[in-house]
Amino acid sequence: MVGAGGVLGAAHVGVGSALDQRGFAPDMIIGTSVGALNGAIAAAHPATAAPWLDSVWTRLSRREVYPLGYLTSRASLFTDRGLRRLIAAAGLPARIEELPIPFTAVAMDLATGAPALLDRGDLQSALLASAAVPGMLPPVEREGRTLVDGGVVAYVPVMAALQAGAASVVVLSTGPESSPLEHTVPRRRAGAIAARAGLLLMHHQIERDLHEVARHVPTVVLPTGIEEWPSPWDFGHSKRLISTAAGTAGRFLDALHVDGPGLYRAGGPPAAWAAQGTAPASAASAVAL
C-alpha cells in the first residue's frame with residue numbers, strides 16, 4: 001500500500017494485531033495516507049482485517065505499489081494504477097458511509113493548504129486523495145477540490161479525532177518522524193540537509209498535535225520497537241516490521257493504565273502509569289493512523 005509512509009505502514013498491521021488480540025474495538029478510525037488505506041480495511045472488516053493485511057503486506061513489491069507513470073505525465077512520477085488495484089481487491093464498499101466502523105480519510109486541499117476530512121461519499125477517491133504523495137502520485141479532483149496526501153498537514157491525524165468527538169485516542173504512528181530525535185547535524189550535503197529539515201518539520205508537527213489533544217482526552221501512542229526503518233519503497237522488510245511492532249505494542253498494552261487526559265507512551269513520566277483502569281475503552285474511542 002502506498003502513502004507518505006509507504007512500506008512503513010506495515011508497522012500499523014503489527015500494532016493493530018496487538019490491539020485486536022486484546023479485544024480493543026474502536027468507535028471510529030481516522031487515517032492519513034497509508035494509515036487511511038489500512039484504516040479503511042480495518043473499518044470494513046473489523047473481525048478479519050489483521051490476518052488479511054498481514055498476508056497482503058508480506059507479498060507486496062515496489063513495482064506493484066509504485067508502477068512508473070507515463071512519460072507524458074507531468075503530475076507525478078508514479079501512476080496510481082497499483083493503488084487502485086489494491087483498493088479494488090480489498091472488498092471495500094463504494095461509499096464511506098457503508099463502512100461498519102465510522103471512518104475518515106485525511107487529505108490536504110492543494111489550493112488552501114487546509115486539511116480535508118473525508119468522512120462521506122466515494123471511498124476510492126478519498127483513499128486515493130489521502131495517499132497522493134505530492135510529486136509521487138497524482139492529485140485527486142474530488143467535489144471541486146484538488147487534493148493531495150494529508151500527511152503534509154496531519155501526519156498523525158489526532159486533531160481530526162478530537163474534532164470528531166473522540167473521548168480517547170489510540171495512535172498508530174510509524175516512521176522515524178514519530179520517534180525521539182537524536183541531536184545531530186547532518187553532513188554538509190544538499191540531500192542530507194533537506195532530509196534532516198523535513199524530519200524535524202514532521203516531528204514537531206506530530207509533537208504539537210499530540211500534546212494539544214492530550215490536554216483534552218487520554219491519548220495513547222503505541223510503540224513499534226523499530227529502530228531501523230527501511231526506505232518507504234523497500235517492501236522486503238514488511239514481515240520484520242509487522243512482527244516487531246506486534247510484540248512491542250502488545251507488551252506496552254499489557255502494562256498500560258490510563259487515568260484521565262494525558263499523553264501515554266513508552267518512556268513517558270511515571271505519573272502516566274500510576275492510574276486506574278486499563279487500555280482505553282471509553283465511548284467514542286478513536287484510532288488515529
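Predicted model: local features only at pLDDT ≥ 70, side-chain atom pairs only at ≥ 80, totals over all residues.
Local features are described only where pLDDT is at least 70, and side-chain atom pairs only at pLDDT 80 or more, while totals for chains, interfaces and linings use all residues. Residues are numbered from 1 along the chain as its sequence is written, and side-chain values use heavy atoms, with hydrogens and water left out.

The chain holds 9 helices and 9 strands (DSSP runs numbered from the N terminus, H or I of at least four residues for helices, E of at least two for strands). Of its 289 residues, 51% are buried (under 20% relative accessible area with a 1.4 Å probe, protein chains only; exposed is over 50%, and partly exposed lies in between). Among contacts (heavy atoms within 4.5 Å) with a separation of 6 or more, 72% join residues 24 or more positions apart.

As a rule, an α-helix has 3.6 residues a turn, so residues three or four places apart point the same way. Just past the end of α5, Gly 91 has a positive phi of about 65°.

The axes of α1 (residues 10-21) and α9 (residues 238-255) come within 7 Å and cross at roughly 35° (lines fitted to C-alpha atoms over the stretch in contact, with angles from 0 to 180 degrees between N-to-C directions). The residues in this contact split into 12 nonpolar, 3 polar and no charged (Ala, Val, Leu, Ile, Met, Phe, Trp, Tyr, Cys and Pro are nonpolar, Asp, Glu, Lys and Arg charged, and the others, Gly among them, polar). Val 13 and Leu 19 are among those taking part from α1, and Leu 241 and Ile 242 are among those from α9.

Ser 125, in helix α6 (residues 123-130), is buried at a relative accessible area of 13%. Neighbours within four places aside, Ser 125 contacts Val 140 and Arg 142. Ala 284, by contrast, lies in the loop between β8 (262-265) and β9 (285-288) and is partly exposed at 22% relative accessibility. Its C-alpha atom is 5.3 Å from that of Ala 167, although the two are 117 residues apart along the chain.
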